[in-house]
Amino acid sequence: MSAASDAVRRALLRLGATDTAADQLLLTAQRLRALAQRSGVEHAAATDLDSGYAAGPIAGTADDVDVDVLLDQPRPDRRYILVHTHRSNAGFSDLDASVLVANRAVHAIGVVGHDGTWYLLAKGERFTPVDPAVVARLVRAVVVAARRPYLPRVASGSISPDVAKRRILHDTWRFLAPRLGLEYDRVTPRKD
Ligand SMILES: [Zn+2]
């Protein structure tokens with residue numbers, strides 16, 4: 001097991017996955033990533049954080065995957081993690097965050113970049129239910145503020161728009177997650 005997947009496994013255990021579920025999740029994510037790289041479209045799966053049982057994978061479009069089908073009949077006594085791929089290798093969108101807060105049975109969401117970067121967002125002990133539309137608006141507002149210092153650097157060509165997007169979303173979630181009672185984690189295969 002690589003150092004990065006070891007770090008992801010520890011992060012999954014921290015957010016409440018059992019050993020079995022953490023192992024299953026690493027395998028599921030590997031499969032999602034391979035499918036996404038081959039097809040060029042996002043893939044997603046829902047995994048039970050206790051048993052490790054996974055529903056999916058399902059395919060979406062280049063930049064979106066509709067996870068509602070995975071949550072068709074979630075059992076209220078279960079906790080799920082929804083994992084999907086991002087070819088941008090960037091973190092959670094406003095829409096991703098609203099899926100997490102809108103669904104009681106979804107305890108956490110994960111994103112796996114095509115480059116192997118992992119992002120995790122989980123409901124912490126201080127999480128209280130909140131309107132998903134409000135969360136989506138908050139994310140967009142914080143992105144606008146977080147983007148400001150990067151704009152001149154993108155304009156001058158000192159960093160690429162892709163790198164800027166990854167850093168802006170990372171800064172956004174480091175700021176926003178604790179204020180919403182969420183736990184945010186990123187594991188990168190390399191520094192950037
Ligand atoms: Zn997403």
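Leaving aside residues up to four places away in sequence, V83 touches L25, T28, A29, L32, A44, A45, T47, G110 and V112, where a contact requires the C-beta atoms of two residues, placed from the backbone, to lie within 7 Å. The model is a predicted one, in which local features need pLDDT of at least 70 and side-chain atom pairs count only at pLDDT 80 or more, while totals for chains, interfaces and linings use all residues. Residue numbers start from 1 along each chain as its sequence is written.

In soluble globular proteins, nonpolar side chains tend to be buried together.

G56, a residue of strand β2 (residues 54–59), counts as buried because it has 20 C-beta neighbours inside 10 Å; the term asks for 20 or more other C-beta atoms within 10 Å, against 12 or fewer for exposed and partly exposed in between. Although G56 and A44 are twelve residues apart along the chain, their C-alpha atoms are separated by 6.7 Å.

Two helix pairs can be set side by side, with axes fitted to C-alpha atoms over the stretch in contact and angles running from 0 to 180 degrees between N-to-C directions. Helices are DSSP runs (H or I, at least four residues) and strands likewise (E, at least two), numbered from the N terminus.

| Helix pair | Axis distance | Crossing angle |
|---|---|---|
| α1 (residues 3–14) and α2 (residues 19–39) | within 9 Å | roughly 135° |
| α4 (residues 132–147) and α6 (residues 161–179) | within 9 Å | roughly 120° |

The angle makes α1 oblique to α2, a term for what remains after angles under 35 degrees (roughly parallel), over 145 (roughly antiparallel) and 65 to 115 (roughly perpendicular). The contact brings S5, V8, R9, L12 and L13 of α1 together with A22, L25 and L26 of α2, and its residues divide into six nonpolar, one polar and one charged.

In the other pair, α4 is likewise oblique to α6. From α4, L138, V139, V142, V143, A146 and R147 meet I168, D171, T172, F175 and L176 in α6, and these residues divide into eight nonpolar, one polar and two charged. For these classes, Ala, Val, Leu, Ile, Met, Phe, Trp, Tyr, Cys and Pro count as nonpolar, Asp, Glu, Lys and Arg as charged, and the others, Gly among them, as polar.
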